[in-house]
Amino acid sequence: MWSIDSPGGTTLLSRGSVGFSLVEQTMPKYFFHIRRNDVFEEDLEGIDLASPEQAREEAVAAAREIVAEGIRRGDPADGATFEIMTEEGSLVATVPFRSAVGLE
């Protein structure tokens, strides 16, 4: 079975007894909400990713970029946290920005 990324998700090409067939498989959507002290910033767009592990990796990378940009501006690394949620509203993981850069 081979996979091909398409705008609506991943299209799987599988070989059956009669030839090849396309099977549309959508990837789950994850939302990266930010909680900073008492402020909650909701991610309204989300991103399609293959797994919760990939969502966590994306959150760590994004947190590193955000902290680095803040440091370039002279801001201290704050206590913001990504709250990664599924479309159904289940919490997948929390990623403190400080831990993404090794400060916790």
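Student: Which residues of α1 are buried?

Tutor: In this predicted model, the buried residues of α1 are Ala55, Ala59, Val60, Ala63, Val67 and Gly70. They lie on the same side of α1, because the arc they cover around the axis is only 140°.

Student: Why would residues spaced like that point the same way?

Tutor: An α-helix has 3.6 residues a turn, so residues three or four places apart point the same way.

Student: Okay, and which exposed residues sit on the face of α1 turned away from the buried side?

Tutor: That face carries the exposed residues Glu57, Glu65 and Arg72. As for the buried residues of α1, what covers them includes β4, β7, β8 and α2.

Student: Switching to the core, which residues touch the most other members of the largest nonpolar core?

Tutor: That core has 17 residues, and those touching the most other members are Phe32, Phe82, Ile84 and Phe97. Two or more residues each come from β4 (29-36), α1 (52-72), β7 (81-86), β8 (91-96) and α2 (97-100), with α1 giving the most, at 5 residues.

Student: What is Ile84 in contact with, leaving aside neighbours within four places in sequence?

Tutor: With those neighbours left aside, the contacts of Ile84 include Phe32, Ala55, Ala59, Leu91 and Val95. Leu91, for its part, is found in strand β8, and beyond its own neighbours within four places in sequence it is in contact with Glu83, Ile84 and Met85.

Student: And how far is Leu91 from Tyr30, between C-alpha atoms?

Tutor: Their C-alpha atoms are separated by 9.7 Å, although the two residues are 61 residues apart along the chain.

Student: What about β4, which sense does its pairing with β7 have, parallel or antiparallel?

Tutor: β4 and β7 pair in the antiparallel sense over 6 bridges, and within this pairing Arg35 stands opposite Thr81 in β7. β4 also runs antiparallel to β6 (residues 47-48), joined by 2 bridges, with Lys29 opposite Asp48.

Student: How many bridges join β4 to β5?

Tutor: There are 3 bridges between β4 and β5 (residues 39-41), which run antiparallel, and Arg36 stands opposite Val39 in β5. Their hairpin has 2 residues between the strands, and in it Asn37 takes a positive phi near 55°.

Note on methods: Residues numbered from 1 in each chain as written. Predicted model: local features only at pLDDT ≥ 70, side-chain atom pairs only at ≥ 80, totals over all residues. Heavy atoms only, no water. Core = buried A, V, L, I, M, F, W, Y, C linked by side-chain atoms within 4.5 Å. Buried < 20%, exposed > 50% of the residue type's maximum accessible area, 1.4 Å probe, protein only. Helix = DSSP H or I, 4+ residues; strand = E, 2+ residues; numbered from the N terminus. Contact = heavy atoms within 4.5 Å. Pairing = 2+ DSSP bridges. Arc of directions from axis to C-beta.
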